[in-house]
Amino acid sequence: MDIRRVLASAPRKHDLGPERPLLTPWGEALDPASVRSEHPHPQFAREAFTSLNGWWDYAIVPVGACPTLRQPERFDGRILVPFSPEALLSGVGRQLAPDELLWYVRRVPRPTLREGDRCLLHFEAVDFACACCVNGRVVGTHEGAYLPFAFDITEALTATDGEAALAWQQGGDFVVALAVRDPSDTGVQLRGKQRLERGGIWYTAQSGIWQPVWMEVVPERSIEAVALRPDCDQELLVADVDVRGASGLLRLYVSDGDGVQVGSVAVAVEEGAVPEGADPAGPARRRVRLTVPVPRPRRWSPDDPHLYDLTLRYGSDAVHSYTAFRTVEVAPDAHGVFRFLLNGEPLLLRGVLDQGYWSDGLMTAPSDEALAFDIQAMREAGFNMLRKHLKVEADRWYYHCDRLGMLVWQDMVNGGGAYGSWETSFRPTLWRGSWGDYDDCDPEHQAKLGAGSERYRDQWRRACRATVDHLRNHPSVVCWVLFNEGWGQFDAALATEAVRRADPTRVVDAVSGWYDQGCGDFLSVHNYFRKLKVYADGAALRGRAAERGGRAFAISEFGGATFRVEDHSAFAESYGYDSFDDLSAWRAAVRRTLEEAAALEGDGLAGYVYTQLSDVEEEVNGILTYDRRVNKLKEEAHGICDG
């Protein structure tokens, strides 16, 4: 064990000092009139939609100041949506406290609605709990910081009460008001890396709207959702489509990337199964299964990220999407060693940890181009996988991974109560033997891991399933990572089985770091302080791992060498495990570490995840600087604007 690195990594309270405001190139060139204006969901896109990003009025008031959810009469200023008030690009620069409400208010031109049309107001992510009012009427509430949701605001737009009438008299606009509360780490909700007291590996807590807001009008007969299941072996595309409204003809067209149609199907929708969670007494909503033969499908891979374009039509509604054919599994190779297999062939996963933080937008990328830049930069650096760490990213990020050929290991977001430092850090760091003897079904152990609250555990289960449903159509997503370093960990074996039932097409990393429960497809360890090696998997001989024949070995975090680039770092101080003052020495050390990891493939290593893609606040162990202007690994240390 490298004691020097262990001591350098120890959590410490210290004054970070003043933060340097750092603009990314995209933040510097940002136009508030067109910020993040692309369609948020390329896999479920109608041609007509209205972006509501841009300037909104905002006010921060004490909780209880607006008991009837009436919007405040005075505002503190304007906020640039979709950036949280804590982010530089929001124009606010203010931390929301747990005992405060954040109000957003904006006037929106009223859309044209034909008979039977519905108007949907979409929020891609709001942290944490919110209530939405349209023309003074509450149209919905939501809890959960990382996943998209929508409200049907049709009735509020067509009302004839005093509030609505007044809105029409003032120019035909309607008023959207959103009230948000975020307890951050004083609560037990899912929060990832956010903390009110930031520092080290914990980052600025942020609140409110932090992903795009948009609106669309859909016809009475409409397509509600689609779940895609491409089957390479059977040469079929199976699509479960939820539709709403009267009976009609549902059509699906499949085209190759060059626009040549390769298959189609049409089904008369008369009756079908009611989708899970739908109200049987509500508006007519049915699930219909479509099956389209796709002869000799071209398989998706990092070297050939081939996508098939899809068009769904139901009445006057048309939705554009895409899919890809590929298989994913963990299975033994010709020598009996368990490997990660893509399309039946072993593939060494060369991954990098991706926190998804930006110097000017925090968790919000300043532009769509910025999302793609990170992915392309890591491809050019030789990586074929990104581990999206403790965050669900904007849906367009996964789209860029799909089209660019970047594999994704997707973390579930953690939360819960306070994490015991001894249990989640010191004990597993000092004694590797402790990794396999900590039962996460034990209530006492759950409490020490921050998972003692049933409210948290229930929220995690629901969010885990919702994350699988939300991202299941993306071919780039190949693995679900359930728990990280014990944070909020509980019942990992049961969670693994639940995820397998929900999605049998991907592999599962149940426990990344330590406190392995003998489940999942990987023995997945973090190794920052010891010589890199492949460990024997004792758990593969017992329990659920034995039932599946064995598991692959992955080093799911390692590295972390730091180099602070002057003028491109947020703070004068830096945090990391192994600090370098010379860029050439840092670069040589990183490359040597990556080579050591890759050399373990012959010993049975299935994949690795290097820490990390970019600097974040005082943690300067990134390949890219926090402002994305310097790529430290390139021989000529320059960024996209500096050289």
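Which residue stands opposite Val105 in β4? Select Asp57, the residue that stands opposite Val105. The structure is a predicted model, in which local features need pLDDT of at least 70 and side-chain atom pairs count only at pLDDT 80 or more, while totals for chains, interfaces and linings use all residues. Residues are numbered from 1 along each chain as its sequence is written, and side-chain values use heavy atoms, with hydrogens and water left out.

**Stop 1: strand β4**

Select residues 100–109, which form strand β4. Strands (E, at least two residues) and helices (H or I, at least four) are DSSP runs, numbered from the N terminus. Seven of the ten residues of β4 are buried, where buried means under 20% relative accessible area, with exposed over 50% and partly exposed in between (1.4 Å probe, protein chains only). Within β10, Leu178 is the bridge partner of Tyr104.

**Stop 2: two open sheets**

Turn next to the open sheet of four strands, ordered β1-β14-β5-β9 with antiparallel pairing. Its edges are β1 (50–51) and β9 (149–152); each has a single partner strand, so one side of each lacks a neighbour in the sheet. Strand β5 (residues 118–123) pairs with strand β14 (residues 213–218) over six bridges, and Phe123 has Val213 in β14 as its bridge partner.

Another open sheet has three strands in the order β15-β16-β19, again with antiparallel pairing. Here β15 (222–231) and β19 (285–293) stand at the edges with a single partner strand each, so one side of each is left without a neighbour in the sheet. Display β15 with strand β16 (residues 236–244) to see antiparallel pairing over nine bridges, including the one between Pro230 and Leu237.

**Stop 3: helix α6**

Select residues 395–404, helix α6, where eight of the ten residues are buried. Among them are Trp397, Tyr398, His400 and Cys401. Continue to Gly405, which follows α6 and has a positive phi, near 85 degrees.

**Stop 4: Arg506**

Centre the view on Arg506, in the loop between α10 (492–502) and β29 (507–513). At 6% relative accessibility, Arg506 counts as buried. Its side chain reaches the backbone oxygen of Val477 at 2.4 Å. The side chain of Arg506 also makes a polar contact with that of Asp503 at 2.9 Å. A polar contact is a pair of N or O atoms within 3.5 Å; within protein, one must be able to donate a hydrogen and the other to accept it, and residues adjacent in sequence count only if both atoms are side-chain atoms. Leaving aside neighbours within four places in sequence, the residues in contact with Arg506 include Arg326, Leu471, His474 and Trp480, contact meaning heavy atoms within 4.5 Å.

**Stop 5: helix α12**

Finish at helix α12 (residues 583–598). Its buried residues are Leu583, Trp586, Arg587, Ala589, Val590, Leu594 and Ala597. Viewed down the axis of α12, these fall within an arc of 165 degrees, so they line one face of the helix; the arc is that of the directions from the helix axis to the C-beta atoms. Their cover includes β31 (552–559), β32 (561–562) and β34 (605–611). At the start of α12, a side-chain oxygen of Asp582 comes to within 3.1 Å of the backbone nitrogen of Ser584.

Methods: Two strands pair if DSSP finds at least two bridges between them. The expected span of a helix is 1.5 Å times one less than its number of residues.
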